[in-house]
Amino acid sequence: MSAMANKVNAEARIEKMIVRILSEAHDKEAEKIAAWKKPTEDLRRLVRHDYVRSLRKNLPYRELKALVAGFTDLLPGFNRHFVGMMPTYQLAEHAANLNLHFKAAPNDGDDGLALRGFYVTRKEGILKRPLIYVNTAHHPLAVSSTFCHEVGHHMSSEILGEDKETPVHFFFDADYASHLEEPGELAADVMVSIAGYPEPVARRIFASEWEGLVAKAKDLSEDALLDVRGHLKKAYNFELTNQIPGAQMLHYLSGMIHYAKLRWALLVEYDI
Ligand SMILES: [Zn+2]
């Protein structure tokens, strides 16, 4: 067979695999999809949660530094400047630099929005290289963030040699409370958080949050939340209430609170 035919064949196989995984996500992860339909429960847990405790338990400093170094190789200026909202062609370039398969496509029918994306390791039989899928039915900022999350899984497995057992990592929207209990998911989310809030921004937003207080990163003040919204507007021209359809509003609000609290906790616990 010619090289060209081989390539077409491989692409068709990967395409088929993605369709299969998407349909499996829908059938096998019914519990996650049911939770996605009741976003207030996740939100309530996040608001109350002590993020410093989760970080301390699930992400050692040495691993955090290794992952930040990996991301800095891919995205120069990581944690010094915010990572811009990346269009899909740019995501494809980054994926190519990491020697990954990449697929960006909308998955919008039948609860499809519940899924933000997934990362597939080489374990999944037919793959010579790992694969990242992002669901482009989401807002471009969410798509870009999903990509960072999945690259986080990839770096964890490449640099730290983790996640050898799970062939497919699903990212369900607003499933953040569960991420706080799983080291691999938490590490991936930490990378998203740093991408959006580099150190200088984090220091400015959260400075007033811990003066004279016991470091806990528990309840985000109204002032901090205002600063978070201001930063997202300035950096990404992102406005939750104007740009996100009502049905997704609470999911995106969860994301905003989750990544902000995570960033605050990183500052408090690791001074990064
Ligand atoms: Zn994940």
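At 36% relative accessibility, Glu15 counts as partly exposed, that is, between the cut-offs of under 20% relative accessible area for buried and over 50% for exposed (1.4 Å probe, protein chains only). Before going on: this is a predicted model, where local features need pLDDT of at least 70 and side-chain atom pairs count only at pLDDT 80 or more, while totals for chains, interfaces and linings use all residues. Residues are numbered from 1 along each chain as its sequence is written, and side-chain values use heavy atoms, with hydrogens and water left out.

**Salt bridges**

Back to Glu15: its side chain meets that of Lys103 in a salt bridge, 3.0 Å from N to O. Because Glu15 sits in helix α1 (residues 3-28) and Lys103 in strand β1 (residues 101-105), the pair ties together parts that are 88 residues apart in sequence. Helices (H or I, at least four residues) and strands (E, at least two) are DSSP runs, numbered from the N terminus. A salt bridge here means a side-chain nitrogen of Lys or Arg within 4 Å of a carboxyl oxygen of Asp or Glu. Searching the whole structure turns up eleven of these salt bridges.

Asp111 and Lys37 make another salt bridge, with their closest N and O atoms 3.2 Å apart. Asp111 is in the loop between β1 and β2 (115-120) and Lys37 in the loop between α2 (30-36) and α3 (39-48), so this pair links parts 74 residues apart in sequence. Arg62 and Glu63 also pair up through their side chains, at 3.6 Å from N to O. Then there is a network: salt bridges that share partners join Arg20, Glu24 and Lys28.

| Residue | Relative accessibility | Class |
|---|---|---|
| Lys103 | 23% | partly exposed |
| Asp111 | 25% | partly exposed |
| Lys37 | 51% | exposed |
| Arg62 | 59% | exposed |
| Glu63 | 12% | buried |

**The zinc site**

Now for the metal. The zinc ion has His149 (NE2), His153 (NE2) and Glu185 (OE) as its protein donors, 2.0 to 2.1 Å away. Donors are N, O and S atoms within 2.8 Å of the metal (3.2 Å for Na, K and Ca), and water is not among the atoms, so sites may look incomplete. Along the sequence, the donor residues follow the spacing H-x3-H-x31-E. The two histidines, His149 and His153, both belong to helix α7 (residues 140-159), where they are four residues apart, about one turn of the helix. Both His149 and His153 are buried.

**Helices α5 and α9**

Helix α5 (residues 61-74) and helix α9 (residues 183-196) have axes that come within 11 Å and cross at roughly 55°. The axes are lines fitted to C-alpha atoms, for helices over the stretch in contact, with angles running from 0 to 180 degrees between N-to-C directions. That makes α5 oblique to α9, since angles under 35 degrees count as roughly parallel, over 145 as roughly antiparallel, 65 to 115 as roughly perpendicular and the rest as oblique. From α5, Leu64, Leu67, Val68 and Phe71 meet Ala187, Val190, Met191 and Ile194 of α9, contact meaning heavy atoms within 4.5 Å.

**Around Ile21**

Ile21 is found in helix α1. At 0% relative accessibility, Ile21 counts as buried. Setting aside neighbours within four places in sequence, Ile21 contacts Phe118, Val120, Val168 and Phe170. Ile21 and Phe118 are 97 residues apart in sequence, yet 9.1 Å apart in space, C-alpha to C-alpha.
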